[in-house]
Amino acid sequence: MFLFAARLSCGSASADSGTEKRVHRLLSFQRYLHSSRLLRGIPQQIPLHILDEDYSGQAKCMLEKVGNWNFDIFLFDKLTNGNSLITLTLHLLNQYGLVDLFQLDMVKLWRFLVLVQEDYHNDNPYHNSVHAADVTQAMYCYLQEPMLSKSLTSYDILLGLLAAATHDLDHPGVNQPFLIKTDHYLATLYRNTSVLENHHWKSAVGLLRETGLFSHLPAEDSMNMERELGSLILATDISRQNDYLSRFRTHLDQDSLCLNTASHRHFVLQMALKCADICNPCRPWELSKQWSEKVTEEFFQQGDIEKKHKLTVSPLCDRETNTVGNIQIGFMTYVAEPLFGEWARFSDTRLSQTMLGHMGLNKASWAGLQQEQTTAEEAELSAAGADAGGSHSKEIPQGSREY
Ligand SMILES: [Zn+2]
């Protein structure tokens with residue numbers, strides 16, 4: 001509680017908290033009405049541990065190495081019977097002693113984590129609770145890095161872990177442009193700006209209030225917590241990546257990050273969460289490849305819906321003109337490499353070098369697979385041309401396959 005008080009003394013009180021409360025209540029109500037749990041009719045059952053002892057023993061073993069960068073979240077999810085997000089988050093909160101320190105009620109915490117996990121759509125190939133668990137595990141790895149571990153407070157760590165666990169809450173499996181062009185109520189509600197991220201944040205706030213996880217804290221403390229949670233989750237909006245990256249770069253160029261300052265620590269947490277969110281290309285190939293296939297499948301499913309409803313197919317969403325490899329190579333080149341390059345300048349550690357190393361290898365593997373595929377296609381076309389009595393393979397345009 002001391003940390004809370006110390007932390008909050010730096011925060012500014014909201015001038016119009018009355019209006020803000022009314023808005024929050026309205027959003028909570030909207031969330032309640034549109035709750036995927038209600039619409040999908042999933043029975044609200046708390047998955048009490050009915051695990052085979054062997055499995056739960058193996059899961060416990062895995063948790064001993066939860067700080068390893070090659071932690072296999074897919075295996076962990078199987079061993080925990082699909083409860084990786086609950087199990088991992090609870091373990092990390094306990095490991096840091098945050099449950100005791102913030103006097104969290106175990107029943108409320110358990111219920112909160114169960115609802116968080118349930119609010120992820122497990123029929124999404126990518127944006128599901130395993131992705132949230134993966135991001136939480138990556139966030140933990142970053143929190144352990146010396147630059148962060150020596151300066152972050154318990155409050156920062158609690159916030160960082162909760163933000164990671166909730167950062168994609170109730171993700172519909174389609175992107176913002178899709179919500180805008182289909183006039184989805186969320187796009188209207190958030191005025192076409194960080195639509196998904198705002199929804200993830202408000203959903204998290206809804207669950208915090210529903211379970212009363214922080215109801216024992218002074219109202220101002222929990223309001224600040226909700227606001228900072230929002231600021232972290234909103235930072236994961238990839239369309240704002242350049243703003244964050246240039247701010248980060250400027251700080252590093254000028255050596256002006258002062259981690260004794262709360263706002264600077266918060267900025268570093270934002271950067272850490274951004275890295276955790278898109279760290280798939282930096283994982284070992286076997287894990288990275290699975291994530292790449294999953295995210296591409298989610299893009300392609302959106303493209304299929306767009307085609308079915310005669311909407312313009314969004315970039316990267318057409319399964320006829322894109323491949324997993326092309327999407328990955330583009331993503332690494334334009335999004336992941338610039339971010340992790342700066343992160344490695346900030347936190348020049350073995351982990352950062354490992355991540356960059358994996359990304360280089362993964363990119364080369366995708367390029368190799370692309371090459372193999374092109375060669376195979378060319379051979380097929382050449383054979384077809386020969387069968388047809390001519391050899392026109394050189395004249396067959398490959399352009400449509402390039403992107
Ligand atoms: Zn995410």
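Which residue forms a salt bridge with Asp-304, and how far apart are the closest N and O atoms? The partner is Arg-319, with those atoms 2.7 Å apart. A salt bridge here is a side-chain nitrogen of Lys or Arg within 4 Å of a carboxyl oxygen of Asp or Glu, and the structure holds 14 of them. This is a predicted model, where local features need pLDDT of at least 70, side-chain atom pairs count only at pLDDT 80 or more, and totals for chains, interfaces and linings use all residues. Residues are numbered from 1 along each chain as its sequence is written, and side-chain values use heavy atoms, with hydrogens and water left out.

**Around Arg-319**

- Asp-304 sits in helix 18 and Arg-319 in the loop between helix 18 and helix 19, so their bridge ties together parts 15 residues apart in sequence. (Helices are DSSP runs of H or I, at least four residues, numbered from the N terminus.)
- Arg-319 also meets Glu-297 in a salt bridge, at 3.3 Å from N to O.
- Glu-297 is in helix 18 too, so this pair links parts 22 residues apart in sequence.
- Arg-319 is partly exposed at 31% relative accessible area, as are Asp-304 at 30% and Glu-297 at 27%. (Buried means under 20%, exposed over 50%, partly exposed in between, with a 1.4 Å probe and protein chains only.)

**A buried pair**

- Asp-134 bridges to Arg-283, with the closest N and O atoms 3.1 Å apart.
- Asp-134 lies in helix 9 (residues 129–143) and Arg-283 in the loop between helix 17 (262–277) and helix 18 (285–308), so the pair ties together parts 149 residues apart in sequence.
- Both Asp-134 and Arg-283 are buried.

Key
Helix = DSSP H or I, 4+ residues; strand = E, 2+ residues; numbered from the N terminus.
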